[in-house]
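Have the coordinates open while reading.

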Amino acid sequence: MIDFHSHLDLYQNGLVLARETNTRNKFTLVVTTSPRAYVATSRVFAGLENIKVGVGLHPEVASAKAMELDQLVGSVANARFIGEVGLDGSVRFRASLALQERIFRAALAECSRQGGRVISVHSRGAAGRTVELLAQAGSVGLPVLHWFSGGLTELQAAIRLGCWFSVGPAMLAGEKGRGLAARMPIDRVLPETDGPFTLDGSAPLKPWDAWKVCSELAEVWSMSTAGVEDQLTANLNRLLVNHA
């Protein structure tokens, strides 16, 4: 099982859950909200071979964490996975978009300098601008658009740019999300939960719950569930060989 976008460090009893996740999942990407969180999370999860930690600066906390920008840029050289970074243009965070963009540009520029990075990208409410900045940055590695919720025009632009996509049960619960997933290249899709911020009833989704997308994608892609499982596993294997 695979979870390509989890906030495993933010669960209650996160280390206990991480140990179980390390046993149950083939691969879990833990994205962090700030460089300081990355340092702490990397230390706590050290030795869990199936869990990788990305260094990020989440756009939702751009105003509070902007002083960590230099640390973010400096961490890219030693981090194969970057995330969570990007833009959030939703009403609650729109006021900080200029600052978000400065942080995102700096992260992309360093990824371009270092090369080979896999970047988990947030784009809620700002899909068009996010894709524009990715295009302007050039060869930054492999951007994986997490829970993409833009329109078809933005989706097509992202596909042309070579972006990948991580999709979760929450995204596929809605008609729009399923419609977008139906148009994504099946060889550039990975499963995610975005837990603990997504729920199964009243409980947060666990990292192994990302695999629930296989039955949903089977309907969307007109494939067998086993076929989807094989496809997602092959996608991850190719990503790890080529980019990490």
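Asn235 has a relative accessible area of 0% and therefore counts as buried (under 20% relative accessible area; over 50% is exposed, in between is partly exposed, with a 1.4 Å probe and protein chains only). This is a predicted model, in which local features need pLDDT of at least 70 and side-chain atom pairs count only at pLDDT 80 or more, while totals for chains, interfaces and linings use all residues. Residues are numbered from 1 along each chain as its sequence is written, and side-chain values use heavy atoms, with hydrogens and water left out.

Asn235 belongs to helix 11 (residues 225-243); helices (H or I, at least four residues) and strands (E, at least two) are DSSP runs numbered from the N terminus. Its side chain reaches the backbone oxygen of Ile186 at 2.8 Å. Apart from neighbours within four places in sequence, Asn235 is in contact (heavy atoms within 4.5 Å) with Trp164, Ile186, Asp187, Arg188, Val189 and Leu190.

Met184 touches Phe148, Leu155, Ile159, Phe165, Val167, Met171 and Val189, with residues up to four places away in sequence not counted. In soluble globular proteins, nonpolar side chains tend to be buried together.

Helix 10 and helix 11 pack with their axes 8 Å apart, at an angle of about 105° (axes are lines fitted to C-alpha atoms, for helices over the stretch in contact, and angles run from 0 to 180 degrees between N-to-C directions). Helix 10 is therefore roughly perpendicular to helix 11, a class that covers 65 to 115 degrees, whereas under 35 is roughly parallel, over 145 roughly antiparallel and the rest oblique. On helix 10 the contact is made by Val213, Cys214, Ser215, Leu217, Ala218 and Trp221, and on helix 11 by Thr225, Val228, Glu229 and Leu232.

Helix 5 (residues 97-114) has 18 residues and should span 26 Å at 1.5 Å a residue; its end C-alpha atoms are 25 Å apart, which agrees. The expected span is 1.5 Å times one less than the number of residues. Among the buried residues of helix 5 are Ile103, Phe104 and Leu108. Its buried residues pack against elements including helix 4 (69-75) and strand 4 (81-86). Just after helix 5, Gly115 takes a positive phi of about 75°.

Key:
A polar contact is a pair of N or O atoms within 3.5 Å; within protein, one must be able to donate a hydrogen and the other to accept it, and residues adjacent in sequence count only if both atoms are side-chain atoms.
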